[in-house]
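Hi,

Here is the structure I promised to pass on. Have a look, and then read on for what I found in it.

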Amino acid sequence: MEPLTPLETLCRIVLRGREYEAQTATDYDGGEAAENIDGEDGEALSVLDDSVNDSVEEELKSQFEDLAEDQLAEVLAFCWVGLGTYDASDWDEAMEAATEEGQGAIAELMDMPMLASVLEAGMAAFELSCDGVGDLS
């Protein structure tokens, strides 16, 4: 299958999706040593907590907004295949349903848990991979 969306673009969405998912809001303001900060319930906050970086969210959303309507529908359809909502053999049906979402697809994609993983799984169903595409390390 030759996707409508360039593979480099799909892989950039995967990369930004990973960065977006990795962010966890925290109360830590950076003014104290992390080991001295406790959560509201007295539990220690994780050293992995990070401040939410709005620019990553904005960049991911911008990437979706820059896609043509058929490409946006394709990304959503890949995700649905990755989630198991549709099977790869039901691609035409998935694309039709995703096209009906229109610009609402952006909100659905932004709210999708594990966006990067499900997009990759959907792409893998069509033997598409980000291996060797750009710098994903």
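Which exposed residues does the face of H2 turned away from its buried side carry? They are Glu58 and Asp66. (Buried means under 20% relative accessible area, exposed over 50% and partly exposed in between, with a 1.4 Å probe and protein chains only.)

Before the rest, some housekeeping. This is a predicted model, where local features need pLDDT of at least 70 and side-chain atom pairs count only at pLDDT 80 or more, while totals for chains, interfaces and linings use all residues. Residues are numbered from 1 along each chain as its sequence is written, and side-chain values use heavy atoms, leaving out hydrogens and water.

Back to helix H2, then. Helices here are DSSP runs of H or I with at least four residues, numbered from the N terminus. H2 covers residues 54–66, and at 1.5 Å a residue its 13 residues should span 18 Å. (The expected span is 1.5 Å times one less than the number of residues.) The C-alpha atoms at its ends are 18 Å apart, so the two agree.

On the buried side of H2 you'll find Val56, Leu60, Gln63 and Phe64. These sit on the same side of H2 because they cover an arc of only 100 degrees around the axis, the arc being that of the directions from the helix axis to the C-beta atoms. As background, an α-helix has 3.6 residues a turn, so residues three or four places apart point the same way.

What covers those buried residues? Helix H1 (7–21), helix H3 (69–83), helix H5 (104–110) and helix H6 (115–124) are included. Contact means heavy atoms within 4.5 Å.

Arg16 is buried, with a relative accessible area of 17%. Leaving aside neighbours within four places in sequence, Arg16 is in contact with Val56, Glu59, Leu60 and Gln63.

Also in helix H1 is Leu7, partly exposed at 23% relative accessible area. Leu7 and Val133 are 126 residues apart along the chain, yet their C-alpha atoms are separated by 7.9 Å. Not counting residues up to four places away in sequence, Leu7 touches Met123, Leu128, Ser129 and Val133.

Over in helix H3 there is Leu83, partly exposed with a relative accessible area of 46%. From Leu83 to Gly122 is 39 residues in sequence and 7.5 Å in space, C-alpha to C-alpha. With residues up to four places away in sequence not counted, Leu83 touches Met112 and Val118.

Cheers

Definitions and conventions. Helix = DSSP H or I, 4+ residues; strand = E, 2+ residues; numbered from the N terminus.
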